[in-house]
Amino acid sequence: MAEKGSRAKALAGGTDVLVQLRAKRYLIDRLVDIKKIPEMNELTCTEQAGLVLGAAVPCCLIYENQDVSRLYPGLIDSAFLIGGIQIQGRASIGGNLCNAAPSADAIPTLIALEATCNIVGPKGKRTIAVEDFCTGPGQNVLKDGELLVSIHLPPPKRNSGAHYLRFIPRNEMDIAVAGVGASVVLSNGKIESARLALASVAPTPVFATKAAATLVGKEANEEAVLEAAEEAKKAAKPISDMRGTIEQRIHLVGVLTKRALNKAIARAKGAE
Amino acid sequence: MTTTVERPTESQRRFKVIGTRPIRHDGLGKVTGADRYGADVQLPGMLHAKMLRSPHAHARIKKIDTSKAEALPGVKAVVTSRDLPIIDDKPIDLAETLGNPRVLAENALASSKVLYKGHAIAAVAATSPHIAEEAAELIEVEYEVLQPVLDVREAMKKDAPLIHEKLTTHEVQRRFTRGDDTGVISNVASHLQFKQGDVADGFSRADVVVEREFTTVPVHQGYIEPQASTAQWAPDGHLTIWTSSQGSFGIRDQTAAILGIPQSMVKVVPMEIGGGFGGKIGTYLDPVAALLSKKAGLPVKIVMTRKEVFEGTGPTSGSYMRCKIGARRDGTITAAEFYLAYGAGAFPGSPVGAGAMYGLAPYKIDNVLIDAYDVVLNNPKVAAYRAPGTPQAAFAVESTLDELAEKLGIEPMEFRLTNAVREGDRQVNGIPFGSVGCVEVEEAIKNHPHYRTPLNGANRGRGVAMGFWGNGGMQSSATINVNTDGTISLITGSVDIGGTRVAVAMQAAEVLGLAAEDVVPTVGDTNAVGWTGITGGSRTAFSTGIAAITAAEQIKRTMAERAALKWETQPEDIEFEDGVFVSKMNREDRLTFKEIAASMMATGGPITASASSNPRQVGVSFAATLVDVEVDRETGKVQILRATAFQDVGMAVHPSYVEGQMQGGTVQGIGWALNEEYFFTDDGTMANSSFLDYRMPTSLDLPAIDTEIIEVPNPGHPFGVRGVGEVSIVAPMAAVANAIHDAVGIRMTSLPMSPGEVLKALDEQQRAGK
């Protein structure tokens, strides 16, 4: 891959790269099938060490894994949303991240869950936070010859909960007009910490730190949630296109933030 | 299949085969994938072709240079409009639309101007599709880009850029005629007016008048199989075309006319078709593949991509409409005024005439004024789409009526029943209706459990709307050959859409006292069977059915003659009962159908019959949609909770396929209502030319669609059959709009009623403090 530089692409499930090649979004000379590399297929999940998710692991193996389902229901929300059933047999969370679409359904969840990226390249290994991975629509920090090997999710904290939801005009098979991933950690009914990330409202997924910060130390109630939702709207810098207008998307960020936080809080309190 | 089949239908009481649900003859090939569709054709030495399409919505072509494409290794032929003969304006009968070969040719390969983004300009045949694609990109076209005209109201303005420099407006008195040339040059191709009574007087007698404006945007038929055509031009000049179309004879006649060759030199072989809905009547690829094959001396296949289907084939019209209806306190409608302007796309020929004729059809209104305009735009040339032109009009009329009923304080179904048309009432063109099932459909709604079950819950609402479609008749041919074992083969020219093979076979079986399985139906090519119109206009089970019935009656007569010979009596003295020929003179003289078939070689030779149909009494169709929705006030998203399709089908030949048509049309109507749209950017590019962003409903967006078959027999068909394919798409948009109003109190007057649009309307409602 290093040899061909930007004229090379990695192929895992192929649900993005093959479609984009056919649509002539870019021209390449080499497509490297990486889905047989053992490290890229790792799926290790424990309460102590968290989750190591190989970049090529397809969504169906993620949501069929009982430990992942129990410990990271927020991630399952995303794994279920990416494509239809057939696509989920091929599509990977790692691929969703590398594709770096502003509308990616997995990235806000990964940000909310404090995930980090394990990258390998000609110059060795490096680790970065997911929120620093995307640099623009379809653009990421990977340099020529570098590969995303796996994603690491830290062990879920006690009394924590996460949720991702998106808005689409249909009920399935669609691209998010807006999406919100949220995670909260509760302590004695109060919000100890929170993370929020937004999809489809900027050139990259948005890590909405200010909105999340409004929640810290507050009672986990309607008022706090609505305040965060209003703040999240300010973090959205969307465009108008065939999928939605600026006004609609900003409005939806408010609605989705409220709904995502309510579900995350409910999960933190032990709800399914 | 649905809950409504428990009660035996009228047909089940009267017939042995009609009204039953045999397995379709072509079922196995469909479910195993063994059937061959347009793109499955493979011939020795076959080349693959790709089209070069315009990147501009409106531009003059100044120069086309194909030399680089021709020089690419593997390229065997390149064609442009220069390879087409010059032809005159002359109509070809295509059922729902009139085809004009000059326009069809211009649409297949642009000559002096490109009129929409995606307009085909040239085609390349090469040894592989990849080489053809690469070569097409090497064709150099010099354009003078012109300002595109994308909206009907803009296009109708006096200072609008002209799409056709010489197009003049025609004043039309009757649909499907050209009318009188006004000589006025504009983008308005025609103005059609219907006038009955005195609208000013009618409105003056109304207690309440509602007038609303409506807009809709183009939507595509969305058939799952893209257009595909393979042509082989033999050295002796005989051209064979294997194609995915709704009518082999239509494709043959269009291709012959475009290429200026006799029909006898063209044979069209119909492939199985993956949906058409009106969009596969006009030709796009066939003459181009033929020209390439002629040049290359090899067979040539062209298969469209989905993007090409969206950008290069007909959607249906977007529209601007104004509907005004007045009624007295007692619920009697006194007058209606209806203005419709439909976008035709690049060439004249929108289905605005049908909208004008049929939008108000469910109501008896003495004073009516309808003005309809056909307007050219820089969009793809529109094609027929299931009940063409009528869903838009029904959206306007049925929404206006719902509001009028609300203002009058009359329950909407009661309001409709008060004004429902009956046999003898005049249509807007002055011609009285024959036997119609409007009242029966409306009564069926009122008695249906869906209607009688209260709808509970916040932000939920119920809506109803009526729909009408005139249905097509046209001509068909059928041949029946009797086998010596008493089975028969039935050859028709009707491409099978929605189970028409089995529906036509069942009608022949009914006449001859056979089981549906004793009939082997074949769809013949254009050299194997008599001329047959398209499978479209809801005409196949009706008109090809009549041809098959007529042929079967001839078979019966021949068999009676054979029996008469044996019994030394007259054929008139022989009866046919339950599959047995019986002499009225001596009732012990009995011969079964099988026995006569077994002895046919000895009694006079093979028994065969060919017949054609030219029906006059086409049974029209009334239908309705009843729908429950839930609106998410925070996101504007509308969820369909329950939907029931009601339809007067005359006589359900194969109820499962009748229900399938009713459900399919309802689904397409719901898609049109909620999310489907051509989303054009300002330069006329369709931004959503894929099934990802052109949002047709999926199974997850819909409940099971319930169906209620109503059977008011059509006197124009021996078994009472009416066309069933189209009318179910007419009512859903207005039904959904009315349900949204019932749920959250807003009136949606534009399609699609997508979440963003509903949200905007809810915002306005909130700001208005309603």
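The C-alpha centres of domain 1 of chain B and domain 2 of chain B lie 39 Å apart. This is a predicted model, in which local features need pLDDT of at least 70 and side-chain atom pairs pLDDT 80 or more, while totals for chains, interfaces and linings use all residues. Residues are numbered from 1 along each chain as its sequence is written, chains are lettered from A in the order in which they are written, and side-chain values use heavy atoms, without hydrogens or water.

To display the two domains, select residues 1-11, 443-463 and 621-770 of chain B for domain 1, then 473-613 for domain 2; these bounds come from an automatic or database domain assignment.

Next, turn to the interface. Here 14 residues of domain 1 of chain B are in contact with 15 residues of domain 2 of chain B (contact means heavy atoms within 4.5 Å). The buried area is about 1100 Å², with 71% from carbon and sulfur atoms; it is the accessible area (1.4 Å probe) that two parts lose on being put together, summed over both. On the domain 1 side, select V653(B), H717(B) and F719(B), which lose the most area to domain 2 and together give 39% of what that side buries.

Finally, select helix α4 (residues 101-108) and helix α8 (residues 248-259) of chain B, whose axes come within 9 Å and cross at roughly 85°. Axes are lines fitted to C-alpha atoms over the stretch in contact, with angles from 0 to 180 degrees between N-to-C directions; helices are DSSP runs (H or I, at least four residues), numbered from the N terminus. Show P101(B), L104(B) and A105(B) of α4(B) with Q254(B), A257(B) and I258(B) of α8(B), which make the contact.

Notes: Helix = DSSP H or I, 4+ residues; strand = E, 2+ residues; numbered from the N terminus.
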